[in-house]
Amino acid sequence: MDYKRSLTEEAVRLLNISDRPDLYHSLRRWARVHIRHESVAPVDTVNWPKGSLLCGLMHMAVRLQSSDNSRDRAVSVYAMASVQDYLDRWIRAEAPLYTVDDTLAAQALLALAEVYRTEDLTLYDRYMKAAGGVMKFLYEHDADAEGVLPYRPAHHTGEIFADSLGMAVPFAIRYGLMRGDDDAIELGVRQMDAALKHMTDPDTHLPWHVYSLDENGAAHTAGALGWGRALGWIMYGLGASVEAMDKYPLESPAAVMARKVVETHLGALSETAERYRRDDGLFGSIIQDGSSAADTSASAMIIYGLKMRDDRAELGARRIPGEGYIEPVLPYIASSGAVRQAQGECMGIGIYSGVYGSYPWSVGMTMMLV
């Protein structure tokens, strides 16, 4: 099976499923606003599931663009053209942003800009301008007493989710490196450093899903300890940050310090993850619970972090034989490109789905292992 092509085709299919409500749901939204006077969430076309797909597609595009195999090069062209078309439409709609979630898609925006850095300065400037709008959004975002960005500021709970670390941190660091913006780099590092200090369990060394600070600065954790995608988001965020730091020169003391902090966290969490890895190479939906179901979406993110750790020469080579890092997930990739055995969407703090299937977040993140 040519899983690279299948994954790409499935990702593009999922990417192009409209997030805009059909007529029936549009009328319901109108009635909620104008008759029941309720608020409704905006239609966010760069939400985190779409961001997962965009990041996976850009990774595939860059990874295969210089392949000796003509089929791989065709996959690369198709993947990048799909990302470019999608993000161009978002930019033409004035690049609306609503939540920290949107910074995951913005990571793909930076990768797209990098492709055009030497090929087309007009396109490079277009994508970097849009990325600048995302960075401005983060700069103006409400923060807690330690400068960390709550997941939903409008709720006034101050809750910091592991999810946002994987979304905002690598975007801010990569943007800072590309623009020479130390403030962006420091914002990214601050999120990860402060969060891991408060949400890491001292006994298992696994993260809780959520924490918040009270008025005295004491941290309170919530959600499940060791939820698979919580560790996955953190490992992805650290891995993507390391990847950016390997790609761009570290030209300031802030960048050099950021590298040390990120590498230290990635090394420590990688050791923790390996202690809880299943015999089949995957990770459970609750990492430390050997009876919990395997989750391919959490596994892909964690394995990506391990891959970035292993790609660092000074951290040693611990490569998986055979197909490489994607090998544990291969049995779950259907001929259609669907990636099965992924846990469904979390519906709230501690409310984790018991349904497993193929979702944008399993397809997109699996592509990061190619």
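Leaving aside its neighbours within four places in sequence, which residues is Ser292 in contact with? In this predicted model, select Ser292 together with Arg278, Gly284, Ser285 and Ile286, which are the residues it contacts once those sequence neighbours are set aside.

Ser292 counts as buried because its relative accessibility is 11%, under the 20% cut-off. Now show the polar atoms of its side chain, where one lies 3.0 Å from the backbone oxygen of Ile286, while the backbone nitrogen of Ser285 lies 3.5 Å from a polar atom of that side chain.

Next, move to the sheet, colouring its strands separately. It is an open sheet of 3 strands in the order E1-E2-E3, with antiparallel pairing. Strand E1 (160–161) and strand E3 (219–225) stand at the edges, and each has a single partner strand, so one side of each is left without a neighbour in the sheet.

Select strand E2 (residues 208–213) and follow its pairing with E3, to which it is joined, running antiparallel, by 5 bridges. To look at a particular pair, pick Ser212, whose bridge partner in E3 is His220.

Helix H8 lies across E1, E2 and E3, and runs at about 100° to E2.

Terms used:
Residues numbered from 1 in each chain as written. Predicted model: local features only at pLDDT ≥ 70, side-chain atom pairs only at ≥ 80, totals over all residues. Heavy atoms only, no water. Pairing = 2+ DSSP bridges. Helix = DSSP H or I, 4+ residues; strand = E, 2+ residues; numbered from the N terminus. Contact = heavy atoms within 4.5 Å. Axes fitted to C-alpha atoms, helices over the stretch in contact; angles between N-to-C directions. Buried < 20%, exposed > 50% of the residue type's maximum accessible area, 1.4 Å probe, protein only. Polar contact = N/O pair within 3.5 Å; in protein donor to acceptor, adjacent residues only side chain to side chain.
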